[in-house]
Amino acid sequence: MNYGWAIAGGVAGIPIGAAMRGIVFRNAVASGEPLRTACPGCGHTPRRWQVRCASCRSWFGVPGVIELSTAVVLALLLGRFAGQWDVGAFAFLGVLGVALAAIDVAVRRLPDRLTLPAYPVLAVLLAAAASATGDLPALGRALLGGLALAAAYYVLALVRPGQLGGGDIKLAGLLGMGLGWLGWPILVLGAAAGFVLFSLVSLGLLAARRITLRSQIAFGPFMLAGAFLAATVL
Ligand SMILES: [Zn+2]
């Protein structure tokens, strides 16, 4: 862990998270609905998606959560990938991941508007890192890893319709690219960690009677957390 880079990531994460707040709030709509352009409280169209509506003072999400989450994620990722060519790819995945997790928790969706454009961005960032380091096998692993994890989630979604959806499959492809870049063992562990975290949290919520066996919990945040753990700890 490089502490200089980690501190820089934490400091940068606050304004970046604040900028992502608007993307999260505009995209936190039901499937097929247009992007949110007005405050749900009063219909006022904000000039900027700040923490509160300038007109009716209602909050746009929980204050500080996206900013602090982005700061923590960027601090750990920049500390881990400090000075490496692939730091940009993982910082990108981290910032996008916080936004996707926030939207998934809010509306149980991982919008195509965010996941699909991320594929070419991530591919370019990883290709640039591979050409800088000459590590072309890592780029091959990233592409295969993305395909493999998306295919695995596709099969799971067929087996468990309703629990996993198309958004999870598209997120799995992105995470598979990042984890595959780091190596096959990390890909397997990162994918497995998502299921372990999901099971632990579900059991805890069941025990606390916060959910029932029929409740549906957004899976995206667990996939992201598992991949994040594998990328930063291993
Ligand atoms: Zn308002």
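This is a predicted model: local features need pLDDT of at least 70, side-chain atom pairs count only at pLDDT 80 or more; totals for chains, interfaces and linings use all residues.
## A nonpolar surface patch

Helices α1 and α2 each supply at least two of the patch residues, and α1 gives the largest share, three residues. Helices here are DSSP runs (H or I) of at least four residues, numbered from the N terminus. L76 sits in α2 and is partly exposed at 33% relative accessibility, the class between buried (under 20%) and exposed (over 50%).

## The zinc site

Now to the metal. The zinc ion has C39, C42, C53 and C56 as protein donors, each through SG and 2.3 Å away; donors are N, O or S atoms within 2.8 Å of such a metal. The site is tetrahedral, with angles of 107 to 114° among the four donor atoms (all angles must lie between 85 and 135 degrees).

Along the sequence, the donor spacing reads C-x2-C-x10-C-x2-C. C42 and C53, 11 residues apart, both lie in the loop between α1 (3-27) and α2 (65-80). C42 is partly exposed at 36% relative accessibility, whereas C53 is buried at 1%.

## Reading the numbers

Residues are numbered from 1 along each chain as its sequence is written, and side-chain values use heavy atoms, without hydrogens or water. Local features need pLDDT of at least 70 and side-chain atom pairs 80 or more, while totals for chains, interfaces and linings use all residues.

Key. Donors are N, O and S atoms within 2.8 Å of the metal (3.2 Å for Na, K and Ca); water is not among the atoms, so sites may look incomplete. Four donors count as tetrahedral if all angles lie between 85 and 135 degrees; four count as square planar and six as octahedral if opposite donors are over 155 degrees apart and all others between 65 and 115; anything else is irregular. Buried means under 20% relative accessible area, exposed over 50%, partly exposed in between (1.4 Å probe, protein chains only).
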